[in-house]
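Have a look at the model first.

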Amino acid sequence: MEMYQYTCTKCGKVHHPRYIVCQNPDCDGREFEKAPLGGKCKLLTWTRAYNLPEGFEMPWLNFGIVEFPNGVRATGQIGFDEGIESGMELYATTAKVRDKVIKYKETVPESKYGFVFTRL
Amino acid sequence: MREVGIVGVGHTKFGKTVVPFIDMCCEAALEAMDDAGAKTGRCNHIDQVFVGTMGAGMVQRVSGTASAIVDTLNIRPAMAETVENGPASGGSAIKLGYMAIASGVADCVLVIGGEAMREVTGWEGTDFVATMLHPEAEYPYGLTLPAFAGLFTRLRMDTYGMDSKDLSIVSVKNHANACKNPCAHIQRPVSLERITNPAYIAATNPLVADPLRQFDMCPVSDGAAALLLVAKDKQDEFGFGHKPFIRIAGVGSATDTHVVANRAIPTDLLAVRLSAQKAYKMAGITAEDVDVAELHDAFQILEIAESEETGLFPVGTGHLAAREGRTALTGDMPINTSGGLKAKGHPLGATGVSQVAELVRQLRGEAGERQVPNAKVGLSINFGGFGNNVTATVLKAE
């Protein structure tokens with residue numbers, strides 16, 4: 001599993017997540033080139049949340065918003081607990097972030113993959 | 001456009017409902033109708049109902065809410081639509097009510113907001129609220145609204161030098177206001193010392209989404225509120241002439257990126273700023289004309305940030321205004337006289353309607369112990385998603 005960035009073929013704006021229409025206000029592109037997104041990034045802000053939704057059974061999870069060197073930003077889980085600080089360099093990997101989903105009020109097994117940020 | 005005003009307000013006691021969802025909404029509706037003197041059956045003048053609710057379909061397994069309420073209240077064949085805009089569903093319902101009358105499509109509109117959230121576990125409730133997050137870039141991670149508020153708060157703390165105590169000051173103020181509001185969910189005072197003392201803060205005010213603690217956010221509440229809107233040119237004809245006409249002078253709403261990370265300036269609440277500016281322009285006022293404001297403090301950081309984005313205080317100084325007591329009942333810019341979402345409670349779809357109900361009471365001079373002297377202009381901000389769809393309403397006492 002990989003996470004991706006999406007480059008508008010008309011204006012070159014890079015997006016994450018995927019969009020149907022280019023988010024550049026001066027462009028109306030609808031076609032994108034998909035490329036893997038990951039690696040070095042910078043942590044802009046973070047939180048440790050203790051009240052998690054149905055389907056998450058751990059006592060807490062750390063979340064962060066990161067910025068990649070090309071300016072693309074992403075939200076994801078932070079895969080460690082100690083020494084988290086805004087501004088620190090991280091490494092974005094793709095891993096399982098959820099293993100249960102709710103469908104019609106029933107919690108069923110279904111894995112979801114997304115960013116997990118780790119130490120460099 | 002026709003002038004539109006509010007002649008009736010209704011509000012259940014927020015907290016835990018003991019009646020079914022539709023009954024709870026009807027309780028608020030009937031109070032608003034009785035307040036105005038509106039009749040049911042053959043004498044009914046309500047020709048449109050808008051019901052704001054976010055989760056009735058998910059939590060109660062009830063859909064078609066507006067249709068059910070019209071039938072229950074015996075005000076058929078009134079037009080009826082349910083409005084869903086997350087926690088701003090109520091504000092959107094008011095805006096649509098205004099538009100329906102102003103455009104001439106309707107003459108008298110009943111606006112109801114309602115939510116019953118305590119029927120499910122906290123885990124399920126947290127999940128259903130989180131369904132408004134981006135379905136690919138946010139929701140799958142287990143992110144919640146409190147988690148986003150934590151991310152936002154840390155950024156604002158880094159940018160403007162505020163700290164956790166500033167959030168507690170807002171919380172203490174709103175709890176004090178709620179003690180004067182019989183409809184508030186939590187009518188208990190809270191002392192600053194109790195929720196900030198490092199010796200026992202972990203027990204009295206535990207972390208929920210670092211740096212946010214329990215008293216930095218609203219409780220989970222059930223409740224409903226309702227407003228009766230009428231065209232100025234129909235007020236006397238429909239028998240509402242005895243009630244003050246609290247004019248809806250301005251409405252505005254605006255959207256922002258669904259993915260919070262993709263906002264140009266992550267500490268900005270652009271949709272709050274734009275919606276307020278639209279409502280001010282329509283009302284022909286500036287922020288300086290506002291006498292009382294109900295701001296969407298689902299998290300205390302939002303009251304501070306919204307007080308800046310709406311122009312009530314300069315950017316980066318909202319927390320200083322709170323420290324100085326300027327936003328208290330006795331301050332020069334009272335905010336959340338109702339107790340706010342923090343202590344009055346936050347039944348999602350009800351909140352926007354509840355905020356405007358409070359402003360109507362303030363502008364009528366009927367707010368009792370929490371009355372702001374000589375209030376003539378009120379502002380409400382109802383915040384959907386994590387700021388990606390916001391409504392603003394400006395009321396004026398005629």
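Q: Where does the domain assignment put domain 1 and domain 2 of chain A?
A: This is a predicted model, where local features need pLDDT of at least 70, side-chain atom pairs count only at pLDDT 80 or more, and totals for chains, interfaces and linings use all residues. Residues are numbered from 1 along each chain as its sequence is written, with chains lettered from A and ligands numbered from 1 in the order in which they are written. The bounds come from an automatic or database domain assignment. For chain A that gives domain 1 as 1-37 and domain 2 as 38-119.

Q: How many residues of domain 1 of chain A are in contact with domain 2 of chain A?
A: The C-alpha centres of these two domains of chain A lie 22 Å apart. Two residues are in contact if their C-beta atoms, placed from the backbone, lie within 7 Å. On the domain 2 side nine residues take part, and on the domain 1 side eight.

Q: How many helices and how many strands does chain A have?
A: Helices (H or I, at least four residues) and strands (E, at least two) are DSSP runs, numbered from the N terminus. From that end on, chain A reads β-β-β-β-β-β-β-β. The tally for chain A is zero helices and eight strands.

Q: Which strand of chain A gives the most to the side that touches chain B?
A: Across this interface, 27 residues of chain A are in contact with 30 residues of chain B. On the chain A side, β4 (39-49), β5 (61-67), β6 (73-78), β7 (89-103) and β8 (106-119) each supply at least two residues. With six residues, the one giving the most is β4(A).

Q: Which residues touch the most other members of the largest nonpolar core?
A: A nonpolar core is a set of buried Ala, Val, Leu, Ile, Met, Phe, Trp, Tyr and Cys residues joined through C-beta atoms within 7 Å. Buried means 20 or more other C-beta atoms within 10 Å of a residue's own, exposed means 12 or fewer, and partly exposed is in between, with C-beta atoms placed from the backbone. Helix α1 (residues 21-36) of chain B gives the most to this core, with ten residues. Among the 150 members, the ones touching the most others are B:Ile112 and B:Leu227.

Q: How many residues of strand β10 of chain B are buried?
A: In a regular strand the side chains alternate between the two faces of the sheet. Here B:Val377, B:Leu379, B:Ile381 and B:Phe383 point one way from β10(B), while B:Gly378, B:Ser380, B:Asn382 and B:Gly384 point the other way, and all are buried. For β10(B) (residues 377-384), the count is eight of eight.

Q: Which residue of β11(B) is the bridge partner of B:Ser380?
A: Two strands pair if DSSP finds at least two bridges between them. β10(B) pairs with β11(B) (residues 389-397) in the antiparallel sense over eight bridges, and the two form a hairpin with four residues between them. In β11(B), the partner of B:Ser380 is B:Thr393.
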